[in-house]
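Subject: Structure for you to look through

Dear colleague,

I am handing over the structure below, and I would be glad if you opened it beside this message. My notes on what was found in it follow.

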Amino acid sequence: MIVYRNYSGLMEPTRTQIPPAKMRAWRTFLTAHAAVIDALGKDLESAVGLPLTWYEVLLYLQESEVGRLRMHELAESLLLSRSAATRLVDRMEAADLVSRESCVTDGRGTFVVVTEHGREVFRRAAPVHLAGIDRYFTSNITTDEAGDMAESLRRVLDGLATEPDSQRVF
């Protein structure tokens with residue numbers, strides 16, 4: 001990792017020392033995350049024809065109390081900008097998986113709502129997704145390791161949440 005210090009207006013890189021075990025953990029985390037996400041996406045595409053990001057939208061909508069979320073809530077859940085979330089919802093709306101509803105209390109607000117077709121696609125996709133999580137992730141770690149991993153990653157998220165410019169709530 002390179003950290004920059006400002007010396008008389010010049011940016012001069014200096015190296016931060018990270019212990020090899022922690023650097024190995026970081027690289028393995030990145031590689032494992034990318035590989036698992038790729039495998040889950042391929043499973044959903046081949047079994048149901050659904051991109052993983054679309055599945056995530058349907059999941060968040062299904063988990064909401066009434067099957068709908070405001071656009072900005074959905075964007076935050078997906079860790080996307082509002083404009084990226086809007087483009088994603090546009091494509092899903094064209095596929096009849098979601099629809100938009102105006103917010104009656106706030107004329108500027110928009111809800112994203114799962115359609116009946118979206119619910120059906122989610123019902124078919126959920127078992128594929130859960131089987132993939134088990135196959136590619138949970139079956140390869142013990143319950144104790146899962147607890148340790150969850151605790152470690154929670155500390156990482158907590159550390160990010162305390163950063164001064166942090167806009168995300170994890």
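Before the notes begin, one definition is needed: helices here are DSSP runs of H or I with at least four residues, numbered from the N terminus. Please also keep in mind that this is a predicted model.

With that in hand, we can turn to helix 1, where D38 and K42 are four residues apart and are therefore separated by about one helical turn. These two residues form a salt bridge, in which the closest N and O atoms are 3.2 Å apart. D38 is partly exposed, with a relative accessible area of 42%, whereas K42 is exposed, at 53%.

In total, the count comes to nine salt bridges.

Another of these bridges joins the side chains of E101 and R68, at 3.1 Å from N to O. This pair links distant parts of the chain, for E101 is in strand 4 (residues 98-102) and R68 is in strand 3 (residues 68-70), 33 residues apart. R68 also lies over the face of F111, at 3.9 Å from the ring centre, and R70 lies over the face of F111 as well, at 5.9 Å from the ring centre.

What does helix 5 pack against? Its buried residues, among them V121, F122 and A125, pack against helix 1, helix 2 and strand 5. The structure holds two aromatic pairs, and one of them is the stacked pair of Y55 and F122, with 5.2 Å from centre to centre and 15° between the planes. This pair too links distant parts of the chain, with Y55 in helix 2 (residues 52-63) and F122 in helix 5 (residues 116-136), 67 residues apart. Both Y55 and F122 are buried.

Finally, on the course of helix 5, there is a bend of about 30° at A125, and a proline, P127, follows within four residues. At 1.5 Å a residue, the 21 residues of helix 5 should span 30 Å, and the end C-alpha atoms are 30 Å apart, which agrees.

Technical notes. Residues are numbered from 1 along each chain as its sequence is written. This is a predicted model: local features need pLDDT of at least 70, side-chain atom pairs count only at pLDDT 80 or more; totals for chains, interfaces and linings use all residues. Side-chain values use heavy atoms; hydrogens and water are left out. Rings of Phe, Tyr and Trp (its six-membered ring) pair if their centres lie within 6.5 Å; planes under 30 degrees apart count as stacked, over 60 as edge-to-face and the rest as tilted. Helices (H or I, at least four residues) and strands (E, at least two) are DSSP runs, numbered from the N terminus. Buried means under 20% relative accessible area, exposed over 50%, partly exposed in between (1.4 Å probe, protein chains only). A charge sits over a ring if NZ of Lys or CZ of Arg is within 6 Å of the ring centre and within 35 degrees of the ring normal. The expected span of a helix is 1.5 Å times one less than its number of residues. The bend at a residue is the angle between axes fitted to the seven residues ending there and the seven starting there. Contact means heavy atoms within 4.5 Å. A salt bridge is a side-chain nitrogen of Lys or Arg within 4 Å of a carboxyl oxygen of Asp or Glu.
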